[in-house]
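Colleague: Hi! I'm new to this one, could you walk me through a few parts of it?

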Amino acid sequence: MSSADGGPAATAAAPAVQITPRLTLVFAIAVGAIVANLYYVQPLIEPIGSALQLSPSALGLMVTLAQIGYALGLLLLVPLGDLLENRRLCCSLLLVCALALIATASAQNALMLLGALLAVGLTSVVAQVLVPFASQLAPDATRGRVVGNIMSGLFIGILLARPLSSALSDIVGWRAVFAGSAVGMLVIAAALRLLLPARKPSAALHYLDLLRSLWQLWCDTPLLRRRALYHAGLFGGFSLYWTGVTLVMTAAPFHLSHAQFALFALAGIAGAIASPIAGRAADRGWAGRTTAVAMLLVALGFGCAAVGAISGSLALMVISGIVVDLGVSANLVTGQRLLFALNPAARSRMNALYMATFFCGGAIGSAITGVVFAHGGWLLACAVGAGAALLVLAAFATEKRAA
């Protein structure tokens with residue numbers, strides 16, 4: 001049952017072991033470091049291809065296979081958080097992730113590299129097991145704040161991964177990037193084993209029954225469908241923006257170098273501040289208002305991007321990236337806060353469905369960038385991104401009447 005503004009009306013029982021600020025920080029660092037594994041390879045395609053003499057088709061598959069692995073992991077591994085003891089599950093996945101990163105660092109041919117990257121993506125979904133795990137440890141009154149603080153770590157990890165891997169590769173080589181991340185995964189696994197409490201879910205399901213229950217959850221939970229589709233639209237725009245803005249900022253009139261564009265992208269870290277703010281707002285029952293503001297921010301960000309490109313204003317382009325990131329991160333955390341309040345026994349499965357749905361939206365946004373640019377350039381891309389945000393806002397406006 002929901003309040004008039006989209007917040008939970010009932011208060012859940014407080015967990016036996018409650019999360020502390022120190023433990024929240026541990027979760028945030030872990031989630032950011034883990035999800036960064038998906039993005040290290042993107043700026044390293046050229047040096048890896050040269051070192052292993054890869055074909056052009058293999059170069060394109062490097063990023064794709066990591067993303068495919070992540071999508072499979074969302075549906076096949078994340079639901080296990082509702083079935084298996086969470087601490088052991090997280091530590092086990094981190095150990096396998098470390099092995100996959102070592103295999104990536106030591107790859108000698110295309111087959112070994114691509115298989116290792118698929119495994120890296122598959123096991124990096126442990127980040128999405130940790131988020132509902134943390135929500136289980138948080139009392140209902142502060143669950144949104146806790147999830148928001150942790151998700152800010154995730155956004156910072158995503159935004160730092162590309163410039164960090166590029167800089168480290170220039171200094172110590174691309175293999176050291178993945179080897180260093182493997183060491184990081186082992187350190188995180190040890191820290192989580194030491195600091196996290198054991199949590200055994202109460203669900204008495206077999207694995208296949210658990211997977212079959214995903215479809216039932218999707219059909220029986222209108223809020224899950226709506227929040228997943230809302231964020232698919234926004235995340236599709238987010239992917240369209242960050243795929244297309246690279247082409248804009250490295251061409252006239254901006255002519256940014258790769259190093260300068262990395263600094264431009266780092267400005268997006270400011271968007272991470274929206275996560276804890278949105279979580280606190282949802283805790284106060286303001287989820288509906290936060291959702292509307294988030295959607296409007298994404299549309300506004302695309303408007304700034306269009307004006308910035310026309311006028312050649314670097315300041316407006318920086319603002320556009322920050323505003324788009326603010327809206328997307330705020331909507332993501334608001335959706336998680338609402339979903340985690342519905343059914344404590346199914347939090348991992350709902351998070352899996354939520355993430356998998358908007359991940360598809362992001363993939364579509366990236367995929368259509370080339371087509372959009374070919375037919376209308378950056379202005380059409382901005383129109384499509386803003387249109388997607390306004391479309392989900394219109395859908396959101398029907399939510400109370402539908403309820």
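This is a predicted model: local features need pLDDT of at least 70, side-chain atom pairs count only at pLDDT 80 or more; totals for chains, interfaces and linings use all residues.

Colleague: Thanks! Let's start with α9, how many residues has it and how far does it reach?

Modeller: Helix α9 covers residues 207-220, which is 14 residues. From its first C-alpha to its last it reaches 20 Å, close to the 20 Å expected at 1.5 Å a residue.

Colleague: And which residues of α9 are buried?

Modeller: In α9, the buried ones are Leu-210, Ser-213, Leu-214, Leu-217 and Trp-218.

Colleague: Nice. What covers the buried residues of α9?

Modeller: The cover includes α3 (56-76), α10 (222-249) and α15 (347-367).

Colleague: Let's pick α15. At what angle do α9 and α15 pack?

Modeller: The angle is about 70°, and the axes of α9 and α15 are 10 Å apart. That makes α9 roughly perpendicular to α15, since angles of 65 to 115 degrees count as such. The crossing of α9 past α15 is right-handed.

Colleague: Which residues meet there, in α9 and in α15?

Modeller: From α9 you have Leu-210, Ser-213, Leu-214, Leu-217 and Trp-218, and they meet Arg-349, Met-350, Leu-353 and Thr-357 in α15. By class, the residues of this contact are six nonpolar, two polar and one charged.

Colleague: OK, switching to α10. How many of its residues are buried?

Modeller: Helix α10 is mostly covered, with 21 of its 28 residues buried. As for its span, α10 reaches 40 Å from first C-alpha to last, close to the 40 Å expected at 1.5 Å a residue.

Colleague: How do α10 and α14 pack, what's the angle?

Modeller: Helix α14 takes in residues 314-340, and it packs with α10 at an angle of about 160°, with the axes 10 Å apart. So α10 is roughly antiparallel to α14, and their crossing is left-handed. The contact of α10 with α14 has 18 nonpolar, six polar and two charged residues.

Colleague: Good, now some single residues. Where does Val-41 lie?

Modeller: You'll find Val-41 in the loop between α1 (21-35) and α2 (45-52).

Colleague: A loop residue, then. Is Val-41 buried or exposed?

Modeller: Val-41 is buried, because its relative accessible area is 2% and the cut-off for buried is under 20%.

Colleague: What does Val-41 touch?

Modeller: Leaving out residues up to four places away in sequence, Val-41 touches Ile-48, Met-62, Val-63, Leu-117 and Phe-178. Val-41 and Val-177 are also worth a look: they are 136 residues apart in sequence and 9.2 Å apart in space, C-alpha to C-alpha.

Colleague: Which helix holds Gly-377?

Modeller: Gly-377 is in helix α16, residues 369-397. Gly-377 has a relative accessible area of 18%, so it counts as buried. Between Gly-377 and Val-248 there are 9.1 Å in space, C-alpha to C-alpha, while in sequence they are 129 residues apart.

Colleague: Last one: where is Thr-123 found, and what does it touch?

Modeller: Thr-123 belongs to helix α5, residues 110-123. Not counting residues up to four places away in sequence, Thr-123 touches Leu-93, Val-96 and Cys-97. Thr-123 is buried too, with a relative accessible area of 4%.

Colleague: Great, thanks for the tour!

Note on methods
Residues are numbered from 1 along each chain as its sequence is written. Side-chain values use heavy atoms; hydrogens and water are left out. Helices (H or I, at least four residues) and strands (E, at least two) are DSSP runs, numbered from the N terminus. The expected span of a helix is 1.5 Å times one less than its number of residues. Buried means under 20% relative accessible area, exposed over 50%, partly exposed in between (1.4 Å probe, protein chains only). Contact means heavy atoms within 4.5 Å. Axes are lines fitted to C-alpha atoms, for helices over the stretch in contact, and angles run from 0 to 180 degrees between N-to-C directions. Angles under 35 degrees count as roughly parallel, over 145 as roughly antiparallel, 65 to 115 as roughly perpendicular and the rest as oblique. A crossing is left-handed if the near helix is turned anticlockwise from the far one by less than a right angle, and right-handed if clockwise. Ala, Val, Leu, Ile, Met, Phe, Trp, Tyr, Cys and Pro count as nonpolar, Asp, Glu, Lys and Arg as charged, and the others, Gly among them, as polar.
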